[in-house]
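Here is a short briefing on one protein model.

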Amino acid sequence: MSGSPEIEELPATQTGPKGVIHDWRKFKLESEDHESIPSNKRELLRQMSNPKSSNDESREKLNRKMSIQEYEMIQEEDERCLRKYRRQCMQEMHERLSFGPKFDAVFELDSGEAFLDVIEKEHHLTLVIVHIYDDGITGCDSLNNCLTCLAAEYSTIKFCRIRASATGAAERFSDDVLPALLVYKAGELLGNFMCITKHLNEEFFATDVENFLNEYGLLPEKDFAACPVEEENVDVE
């Protein structure tokens, strides 16, 4: 229809065997150190990345030639670059499947209103973990440090902390129930752990808090960037 605005088509990773091979060729071409590649190999990579020719006859000849050279070249691809390509594809898929806002720090709440806002107004897909603490209470400083570490590994979770005196309900959070850890999602209380240090060792670390929360099924999968790359063979056919 005339006058209709054009919709820009966003680039997307191709699917299917031919699409995967094309994306691999393009990735290899872009990631290679051009100064260290012979000119004939660089030209072949360029052709495989964008196999165009002026007519059907030359295209057929090019495809016949490339089928042999391409096979030899793929055999020479180093595992490091192949793992890098696979990791990039997984990262792109992870980003497409990740929803909701991202965080990477522990947020300090300074009032009861801020406490209620983070529970009731945060994105409905966001898990909110609130540490209620006070100065001088055993375990509070350690738990703050642990949550700082976990915030870097679970960016989809909003970690917060608030002094008991700032909640507006100090009588409910007396010293004998601190440190307390509350877990919410979409305004619903999923976990209510008073004096959480009773469930941990005298000296505890971020992994101990992580394992405790995992026992209750309260943590999602770790962020992709925090996960180690598995050393496994991947065939590109």
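This is a predicted model: local features need pLDDT of at least 70, side-chain atom pairs count only at pLDDT 80 or more; totals for chains, interfaces and linings use all residues.

The protein chain has 237 residues, and 35% of them count as buried. Seven helices and five strands make up its secondary structure.

**Fold**
- Read from the N terminus, the elements of the protein chain follow the order α-α-α-α-β-α-β-α-β-β-β-α.
- Among contacts in the protein chain with a separation of 6 or more, 70% join residues 24 or more positions apart.

**Nonpolar cores**
- The largest nonpolar core counts 23 residues.
- Its members with the most contacts inside the core are I129, L147, F159, L181, F193, V209 and L213.
- At least two residues of this core come from each of β2 (127-133), α6 (140-153), β3 (157-163), β4 and α7 (206-215).
- Helix α6 gives the largest share, five residues.
- F159 belongs to the group with the most contacts inside the largest core.
- Beyond its neighbours within four places in sequence, F159 contacts A105, V106, F107, I129, L147, L150, A151 and Y154.
- Two of these partners, I129 and L147, are also listed among the residues with the most contacts in the largest core.

**I132 in strand β2**
- I132 sits in strand β2.
- I132 counts as buried because its relative accessible area is 0%, under the 20% cut-off.
- Setting aside residues up to four places away in sequence, I132 touches F115, I162, A164, T167, F173, L178, P179, A180 and L182.
- I132 and L182 lie 50 residues apart in sequence, yet their C-alpha atoms are 7.9 Å apart in space.

**K158 in strand β3**
- K158 is placed in strand β3.
- Is K158 buried or exposed? Its relative accessibility is 15%, so K158 counts as buried.
- The K158 side chain makes a polar contact with the side chain of E122, at 3.1 Å.
- Residues up to four places away aside, K158 touches F103, F107, V118, E122, T126, L127, V128 and I129.

**N144 in helix α6**
- N144 lies in helix α6.
- N144 has a relative accessible area of 7%, and therefore counts as buried.
- Not counting residues up to four places away in sequence, N144 touches H131, Y133 and R161.

**Cavities**
- How many cavities of 30 Å³ or more does the structure hold? There are two.
- The second largest cavity has a volume of about 30 Å³.
- Its lining consists of V118, I119, E122, H123, T126, V128, Y184, K185, A186 and G187.
- Helix α5 (112-120) and strand β4 (180-185) each supply at least two residues of that lining.
- By type, the lining of the second largest cavity has five nonpolar, three polar and two charged residues.
- E122 is one of the lining residues, and its side chain is the polar partner of the K158 side chain.
- V118, E122, T126 and V128 line this cavity, and K158 touches each of these four residues.

Conventions
Residues are numbered from 1 along each chain as its sequence is written. Side-chain values use heavy atoms; hydrogens and water are left out. On a 1 Å grid over the protein atoms alone, a cavity is a set of points where a 1.4 Å probe fits but cannot get out, and a pocket is an open set with protein on both sides within 12 Å along at least five of seven lines; lining residues have an atom within 4 Å of a point. Grid points are joined across faces, edges and corners, and a volume is the space filled by probe spheres set on the points. Helices (H or I, at least four residues) and strands (E, at least two) are DSSP runs, numbered from the N terminus. Ala, Val, Leu, Ile, Met, Phe, Trp, Tyr, Cys and Pro count as nonpolar, Asp, Glu, Lys and Arg as charged, and the others, Gly among them, as polar. A nonpolar core is a set of buried Ala, Val, Leu, Ile, Met, Phe, Trp, Tyr and Cys residues joined through side-chain atoms within 4.5 Å. Buried means under 20% relative accessible area, exposed over 50%, partly exposed in between (1.4 Å probe, protein chains only). Contact means heavy atoms within 4.5 Å. A polar contact is a pair of N or O atoms within 3.5 Å; within protein, one must be able to donate a hydrogen and the other to accept it, and residues adjacent in sequence count only if both atoms are side-chain atoms.
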